[in-house]
Amino acid sequence: MSDNNSASDGGTETATHPVSVALENRLMSHGYYVTSFEWLDGEGETTTPDDGVGIALEYEAVSDAPAVTRDEVGAVLRTLLSIGEERSWTPGRLEVTSFATDGAVRGRWHVECEWFDRLGTDLSQVEFSGLVLGTVRDRPSGRDTD
């Protein structure tokens, strides 16, 4: 766990902030504004939750893209994993809903707890990305990509 200022957010964020605040602050720099953050397992707001605690995340994307993009998924995951690394914490299931600025759903995607656990051991980053991108659904066309 590090108490040093993080370079990923301009040095204004420290590991002493709750996960939800750190995530919200860092995603803003990517154009994603957190509108809802909820611990799936009833965990209270802490700086370092128990490993495997799930998160339901909703955010508004300031983007011309009508659907969730690879870059978007990557930015959210890199940010969450960076926060986890700083706190020696592994997130659990992640359930995400992306909204457009007009409130329309751009898409939904998720990460299984097992995928976070296996990342870097028997699951490469490329395999991990493929699994996550395979969960993107509810695109504006109405077709799921599952």
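Helices (H or I, at least four residues) and strands (E, at least two) are DSSP runs, numbered from the N terminus. The model is predicted: local features need pLDDT of at least 70, side-chain atom pairs count only at pLDDT 80 or more, and totals for chains, interfaces and linings use all residues. Residues are numbered from 1 along each chain as its sequence is written, and side-chain values use heavy atoms, with hydrogens and water left out.

Select Arg106 to begin; this residue sits in strand E4 (residues 105-111). Arg106 is buried, with a relative accessible area of 2% (buried means under 20%, exposed over 50%, partly exposed in between, for a 1.4 Å probe and protein chains only).

The side chains of Arg106 and Glu72 form a salt bridge of 2.5 Å, N to O (a side-chain nitrogen of Lys or Arg within 4 Å of a carboxyl oxygen of Asp or Glu). Glu72 belongs to helix H2 (residues 70-87) and Arg106 to strand E4, so the pair ties together parts that are 34 residues apart in sequence. Glu72 is likewise buried, at 1% relative accessibility.

Glu95 is partly exposed at 33%, and Arg93 is partly exposed at 27%. Include Glu112 as well: Arg93, Glu95 and Glu112 are linked in a network of salt bridges.

Finally, select Glu114 and Arg118, which meet in a salt bridge of 3.3 Å, N to O. These residues are four apart in helix H3 (residues 113-118), and are therefore separated by about one helical turn. Glu114 is partly exposed at 45%, as is Arg118 at 25%. By the rule above, the count comes to six salt bridges.
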